[in-house]
Amino acid sequence: MFQLFIILFLLFPNENKIEIKDPWIRPSSENMATALYFNIENNGAAPDTLFKVDSKISEKVEIHETYTQGDMMGMRKVDFIIVDGKSSFQFKPGSYHIMVMKLRKDINDGDEEKFVLHFKQAGAISITAMAKKSK
């Protein structure tokens, strides 16, 4: 039995194909909105899709992108983000970000807040983001 376990471990190593790096959130006030930023590294060969983000600190969490149309700049919800295999994706100010809306409490500089990222292949990944004014 032990030999079977060793063979399975060698054939299917337990590696984290999706890694979340440098998560941070902007400080904000109760009932207001803020944004979550981080980097996704897909170390696997296959693409994976981030399709949902959860948090207990707000009533609503959405994946957003910042766009420019003519002279106007805006934000809009996107349903998912595909991260190709052996690549990375960055959520950053002025680009893609996670909108955290209708906060249930104040988020102060230095606070740590928990989020769960949902991927089609990797499943649920829990992260902790530090609140700070900018990276």
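In which strand does Glu65 lie? Before selecting it, note that this is a predicted model, in which local features need pLDDT of at least 70, side-chain atom pairs count only at pLDDT 80 or more, and totals for chains, interfaces and linings use all residues. Residues are numbered from 1 along each chain as its sequence is written, and side-chain values use heavy atoms, with hydrogens and water left out.

Start with the whole chain, which holds 1 helix and 10 strands, where helices (H or I, at least four residues) and strands (E, at least two) are DSSP runs numbered from the N terminus. Of its 135 residues, 37% count as buried, a word that stands for under 20% relative accessible area, with exposed meaning over 50% and partly exposed in between (1.4 Å probe, protein chains only).

Now select Glu65, which lies in strand β4 (residues 58-69) and counts as buried because its relative accessible area is 15%. Its side chain makes a polar contact of 2.8 Å with the side chain of Arg76 and another of 3.2 Å with that of Tyr96; such a contact is a pair of N or O atoms within 3.5 Å, and within protein one must be able to donate a hydrogen and the other to accept it, while residues adjacent in sequence count only if both atoms are side-chain atoms.

Next go to Glu113 in strand β9 (residues 112-119), which is buried, with a relative accessible area of 4%. A polar contact of 3.2 Å joins its side chain to that of Lys105. Not counting residues up to four places away in sequence, Glu113 touches Ile57, Lys105, Ile107, Ile127, Thr128 and Ala129, where contact means heavy atoms within 4.5 Å.

Leaving aside neighbours within four places in sequence, Phe38 is in contact with residues including Leu50, Phe89, Phe91, Leu117 and Ile127.

Finish at Phe80, in the loop between β5 (72-77) and β6 (81-83), which counts as partly exposed because its relative accessibility is 46%.
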